[in-house]
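Take a first walk through this structure. Begin inside and then follow the charged pairs.

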Amino acid sequence: MGLFISFEGVEGCGKTTQLEMLREHLEWKGCQVVAVREPGGTELGEKIRGILLNIDTEGLAITPWSELFLYAVCRAQLVCEVIKPALGENKIVLCDRFADSTVVYQGYARGLSLQAIADINKWVTEGIAPDITFIMDCPPEVGLKRAMARINNIAEGKKEDRFERENIDFHKKVRDGYLRLAKEASTRIKVIDGGRGIPVIHKEICDIIEKKLEAMGKRK
């Protein structure tokens, strides 16, 4: 099987930038890499993404449970169409958010049942989980400032800002949820200090992945 790596964190934490940098690094090394995002990554997922992330989507009011199941649909499609086949071809899959996001956003922040979320995630992922998860950690206030600066440069109607518009207490719950997950799954989850320079963070991530690839090579 291949290697499954996910990137997580609060809004504006820098995870997407680091995912792209890691993708370029791995491709430079000659690895076969598939980069995807959640929600999205498939034709169906991208359509649902517009509903989930755009605050102005036809004035829709999405309940927490509806939100949860929309994410589950996206994840099921992504696993079936992209992630599972890629891993079966021994490729490296980089995913911008995965099941941990649902635990944190819909569980710890929205207050939905963690057991229900765990069950749903198990079904829709077909038991597939990341080998390594990087949580890009930074204070919510810092991340939101970065995120809104980016969003403000995007044309109206194309802004994906539904979660950025949540109050600061919501985002603090998100961060606390991620740090709690990191303690519960310290072998898989690596907490990265997102307050440092981009090149410094990139090097730390690359060093971790290099060690993982080396260990995988020794097992073959």
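What follows covers the nonpolar cores and then some salt bridges.

This is a predicted model. Its largest nonpolar core has 44 residues. I5, L22, L94, F134, V174, I205 and I209 have the most contacts inside that core. Take L22 as an example. Leaving out residues up to four places away in sequence, L22 touches I5, F7, L94, H202, I205, C206 and I209. Another core lies apart from the largest one. That other core has 14 residues, including F4, V82, F98 and I128.

Now turn to the charges. The structure holds 18 salt bridges. One of them joins R97 and E8, at 3.7 Å from N to O. This pair links distant parts of the chain, 89 residues apart. R97 sits in the loop between β3 and α4, while E8 belongs to strand β1. R97 has 10% relative accessibility, so R97 counts as buried. E8 is buried too, at 0%.

K84 and E126 form another salt bridge, with the closest N and O atoms 2.7 Å apart. K84 lies in helix α3 and E126 in the loop between α5 and β4, so the pair ties together parts that are 42 residues apart in sequence. K84 is partly exposed at 41%, and E126 is partly exposed at 43%.

The side chains of E166 and R110 also meet in a salt bridge, at 2.9 Å from N to O. E166 is in the loop between α6 and α7, and R110 is in the loop between α4 and α5, so this pair ties together parts 56 residues apart in sequence. E166 is partly exposed at 23%, as is R110 at 21%. Salt bridges with shared partners join E67, R110, R162 and E166 into one network.

Notes
Residues are numbered from 1 along each chain as its sequence is written. This is a predicted model: local features need pLDDT of at least 70, side-chain atom pairs count only at pLDDT 80 or more; totals for chains, interfaces and linings use all residues. Side-chain values use heavy atoms; hydrogens and water are left out. A nonpolar core is a set of buried Ala, Val, Leu, Ile, Met, Phe, Trp, Tyr and Cys residues joined through side-chain atoms within 4.5 Å. Buried means under 20% relative accessible area, exposed over 50%, partly exposed in between (1.4 Å probe, protein chains only). Contact means heavy atoms within 4.5 Å. A salt bridge is a side-chain nitrogen of Lys or Arg within 4 Å of a carboxyl oxygen of Asp or Glu. Helices (H or I, at least four residues) and strands (E, at least two) are DSSP runs, numbered from the N terminus.
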